[in-house]
Amino acid sequence: MIDFVERVPIDEVTGSEYNPRAITEEALEKLQYSIRRFGMVKPLIVNASNNVITAGHQRKKAATAIGLTHLPC
């Protein structure tokens, strides 16, 4: 099992073209609150070769909204 996390500048992480999930404004606000209070408890999963998100689009959206500069990936 490979287990590693890197802090990647938020501007270097991009969403994939196909993201089937959507988030309501209320859920986004709750996610922002959670990240402020507890931090990012689950890292994003990104392709190591190009930093395209596989899992974590909504976490990136919330992190961007609250002004984070780096993401755990």
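Arginine 59 counts as buried, because its relative accessibility is 16%, where buried means under 20% relative accessible area, exposed over 50% and partly exposed in between, with a 1.4 Å probe and protein chains only. Please keep in mind that this is a predicted model, in which local features need pLDDT of at least 70 and side-chain atom pairs count only at pLDDT 80 or more, while totals for chains, interfaces and linings use all residues. Residues are numbered from 1 along each chain as its sequence is written, and side-chain values use heavy atoms, with hydrogens and water left out.

Arginine 59 sits in helix H2, which covers residues 57–65; helices (H or I, at least four residues) and strands (E, at least two) are DSSP runs numbered from the N terminus. Leaving aside residues up to four places away in sequence, arginine 59 touches Leu31, Ile35, Met40, Lys42, Pro43 and Leu44, a contact being heavy atoms within 4.5 Å.

Turning to the whole protein, we have 2 helices and 4 strands, arranged along the sequence as β-α-β-β-α-β. Of the contacts with a separation of 6 or more, 77% are between residues 24 or more positions apart, and 29% of the 73 residues count as buried.

Along the principal axes, the C-alpha atoms fill a box of roughly 35 × 25 × 25 Å.
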